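Thanks for sending this one over. Here are my notes, written so that you can follow them with the model open beside you.

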Amino acid sequence: MTTQRAKFFYSGPIHLAIAFLCVLLLAVPAAGQGAVREALRAKTAEAKQIQERSYRFDDAGKDMPYSLFVPSSYDGAKPCPLIVALHGLGSSADQMIRYRGLTDLAEEYGYIIVAPEGYNSHGWYGSLGPGKNRFSERFEGKVPDPENLGELSEKDVLNVLDIVKTEFKIDAHRTYLMGHSMGGGGTLYLGMKHKELWAGLAPIAPAIYSSPDQLSSIPAMPVILVQGDADRLVRVEVTRRWADKMKELGMPCEYIEVAGGNHVDVAMDNLPAIFAFFEKHRGGK
């Protein structure tokens, strides 16, 4: 890992929303333009706060993207809480940081959010082992995956964490890890393997294929676990076993099982509960 590069360009749903609001501003009567202008200002401010960045990942021999959100309250004078957010299979850092409500809540509570790429869309953050995984052939396309895909995916998360901790004044007692689906599995894996880094974990519909018995290595770790019982990609029975083990170990945990919840909506809808949980557990307390 060497030079960090920041690219201040913005794309995706926020850009489209800004364009729509600009058109709407021209169409509505003058009396109704105040609300549209306020919404436009809010969306423009949000776009400016989400940064698409990259750094040189020497071990991978390439520039690696990551996404960053810095709340307007950050002034560098006092330590700021941080959430590292891990995306799901086939997704990206940019899509993860734009989960509905994520940056709104980060702005409200004053959190920095960083979303690593995890090397690519299917690296699994090392949770499926240090090499290629069974999804490589499906996703790698014209560019073959490196033989140490899992190792690079895990290192990318740690590299990005180090970059943010170097550039910003981060509260080491309020650094949290969350993730959805593949990212949820990565959250449990990296949460257990690098337990000294995190004040709490938030796996959402976690695609995890190891044993819940490993939780005995983090008996004091606060964990909020979210799962829909109608999820067709991650079976609720598997997640329940992890929740049961957390309770058996007496971990400071909260399990939210959403009746009728699918694989996607449970992530967006329960972000407020995740932030509230992190607020209750500062430095593991």
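The points below go from the whole chain to single residues.

1. A word on the basis before the details. This is a predicted model, in which local features need pLDDT of at least 70 and side-chain atom pairs count only at pLDDT 80 or more, while totals for chains, interfaces and linings use all residues. Residues are numbered from 1 along each chain as its sequence is written, and side-chain values use heavy atoms, with hydrogens and water left out.

2. The chain has ten helices and nine strands, taken as DSSP runs numbered from the N terminus (helices are H or I with at least four residues, strands are E with at least two). Of its 285 residues, 52% count as buried, where buried means under 20% relative accessible area with a 1.4 Å probe and protein chains only. Among contacts between residues at least 6 apart in sequence, 70% join residues at least 24 apart; contact here means heavy atoms within 4.5 Å.

3. The buried residues of helix 6 include Leu149, Leu152, Asp156, Val160 and Ile163. An α-helix has 3.6 residues a turn, so residues three or four places apart point the same way.

4. The largest pocket has a volume of about 240 Å³. Of the 14 residues that line this pocket, Ser181, Ala207, Tyr209, Leu233 and Val234 are the closest to its centre. By class, the lining has eleven nonpolar, two polar and one charged residues. For reference, a pocket is an open set of points on a 1 Å grid over the protein atoms alone, where a 1.4 Å probe fits, with protein on both sides within 12 Å along at least five of seven lines; lining residues have an atom within 4 Å of a point.

5. Ser67 is in strand 3 (residues 62–69) and is buried, with a relative accessible area of 1%. Its side chain is joined to that of Glu52 by a polar contact of 2.7 Å, a polar contact being a pair of N or O atoms within 3.5 Å, one able to donate a hydrogen and the other to accept it, with residues adjacent in sequence counted only if both atoms are side-chain atoms.

6. Thr175 sits in strand 6 (residues 170–180) and counts as buried at 3% relative accessibility. The Thr175 side chain reaches the backbone oxygen of Asp171 at 2.9 Å. Leaving out residues up to four places away in sequence, Thr175 touches Leu161 and Trp198, among others.

7. Asn270 is found in the loop between helix 9 (265–269) and helix 10 (271–280), and is buried at 11% relative accessible area. The Asn270 side chain reaches the backbone oxygen of Val266 at 2.9 Å.

8. Two backbone angles are worth a look. Tyr125, in the loop between strand 5 (112–116) and helix 5 (136–139), has a positive phi near 55° and is buried at 1% relative accessibility. Ala205, in the loop between strand 7 (200–204) and strand 8 (223–228), has a positive phi of about 40° although it is not a glycine.

Conventions: Buried means under 20% relative accessible area, exposed over 50%, partly exposed in between (1.4 Å probe, protein chains only). Grid points are joined across faces, edges and corners, and a volume is the space filled by probe spheres set on the points. Ala, Val, Leu, Ile, Met, Phe, Trp, Tyr, Cys and Pro count as nonpolar, Asp, Glu, Lys and Arg as charged, and the others, Gly among them, as polar.
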